[in-house]
Amino acid sequence: MTRPLPDTVQAAAREMFDLTVRPMTSPLTVEEMRTALSDYDGVIPTLGDLFSEEIFLAEDTWRCRILANFGVGYNHIDVAAAQRAGMVVTNTPGAVTDATADVALTLILMSARRAGEGERLVRAGQWDGWHPTQLLGMHLGGKTVGIVGMGRIGQAIARRCHLGFGMQVAYHSRSAKSLDFPAEQKTGLLELAAAVDVLVVAVPGGDETHHLINAEVLDAMPAHAHLINIARGNVVEEAALVRALSSGQIGGAGLDVYEFEPAVPDSLCAMENVVLLPHIGTAALEVREDMGLMSVRNLQAFFAGEAPPNLV
Ligand code: NAP
């Protein structure tokens, strides 16, 4: 276990395996990644543990047979290189869906209704009382949300927006979805960006989606629209987002993830029209327990000679 996971998860793993828990919360260093692969039969890595091709190529043979990733996103692992090195990779889909969708809604509401700005005003002792034209934001009812990446989390966000807030849904994905609520598929990302009041990014990270949301997409959005990113930081070209926010090209943004996290640009921190959360999409004890137990089940199945349930 490359980070301390909740007690229940450690206990479940300890029942089946000779468990080592690395006590630090920081990502593994290159040296630690090599040790993990050479000294352990299975590893539970997570976000930030950058298992690149270079790591796998450092030795001809490794002891490790499985990387049971803690998290649905696995863009920090070069899966093809792991497979060439004789390892399988698993992840934790589903366990994260509702919690991450909830944080997307938190960001949508906070950004559209200027909640961060209002909270800062109160804490600074500068609130001079209610008045009819103070902190006017964007009402969500009847507006259109555009989902980029209509997978598990994208659909959970869309469902909340439509059923909870009466929003219309449009989306852009690689394939058409059959859904139990109305949603219009747009073939082009620019076409989607131009048609929405809120654009939510929910695609996986990786080479294919790097800077998918660039200056052109931000330029296509209406000036009052908000961009929400709960996916991975580098799906959004952060420098272009800073420009779009500071020039008023878009109305606001809500971010849970950052291109170079944990670094967050000073320019973003200084702006009122952006909500900044510290990657808390799945940060609830029950959710982290479910994710961890899923990783343990993948290890258990693999070492019992069965196909792990969540192979990637
Ligand atoms: P998922 O079910 O695989 O959904 C991903 C969706 O993205 C799919 O609908 C897929 O389309 C679409 N997609 C992939 N590449 C695309 C592209 N180039 N252009 C347009 N659409 C594309 O994954 P998920 O469970 O919803 O998770 C999504 C991501 O959220 C994860 O990979 C992870 O990085 C991130 N995440 C963040 C947090 C957080 O704490 N903020 C927590 C959990 C997850 P098709 O369906 O047509 O293939």
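I take contact to mean heavy atoms within 4.5 Å. The model I am reading is predicted.

**Entry: Ser 173**

I looked up Ser 173 with that cut-off. Leaving aside its neighbours within four places in sequence, I find it in contact with Gly 149, Met 150 and Gln 185. I place Ser 173 in the loop between S5 and strand S6, residues 184–185. Is Ser 173 buried or exposed? I count Ser 173 as buried, because its relative accessibility is 15% and the limit for buried is under 20%. I also checked polar atoms. A polar atom of the Ser 173 side chain lies 2.6 Å from the backbone nitrogen of Met 150.

**Entry: strand S4**

Next I went to S4, residues 144–148. I see that five of its five residues are buried, so I note the strand as mostly covered. Which residues sit on each side of S4? I list Thr 144, Gly 146 and Val 148 on one side, and Val 145 and Ile 147 on the other. Both faces are covered. I recall that side chains in a regular strand alternate between the two faces of the sheet.

**Entry: partners of S4**

I then looked up the pairing. S4 and S5 (residues 168–172) run parallel, joined by five bridges. Here Thr 144 stands opposite Gln 168. S4 also runs parallel to S7 (residues 198–201), with four bridges between them. In that pair I find Val 145 opposite Val 198.

**Entry: the crossover**

Last, I followed the chain from S4 to S5. What do S4, helix H7 and S5 make? I record a right-handed β-α-β unit, with H7 spanning residues 152–165.

Conventions: Residues are numbered from 1 along each chain as its sequence is written. This is a predicted model: local features need pLDDT of at least 70, side-chain atom pairs count only at pLDDT 80 or more; totals for chains, interfaces and linings use all residues. Side-chain values use heavy atoms; hydrogens and water are left out. Buried means under 20% relative accessible area, exposed over 50%, partly exposed in between (1.4 Å probe, protein chains only). Helices (H or I, at least four residues) and strands (E, at least two) are DSSP runs, numbered from the N terminus. Two strands pair if DSSP finds at least two bridges between them. A crossover is right-handed if, with the strands pointing away from the viewer, the path from the first strand over the helix to the second runs clockwise. A polar contact is a pair of N or O atoms within 3.5 Å; within protein, one must be able to donate a hydrogen and the other to accept it, and residues adjacent in sequence count only if both atoms are side-chain atoms.
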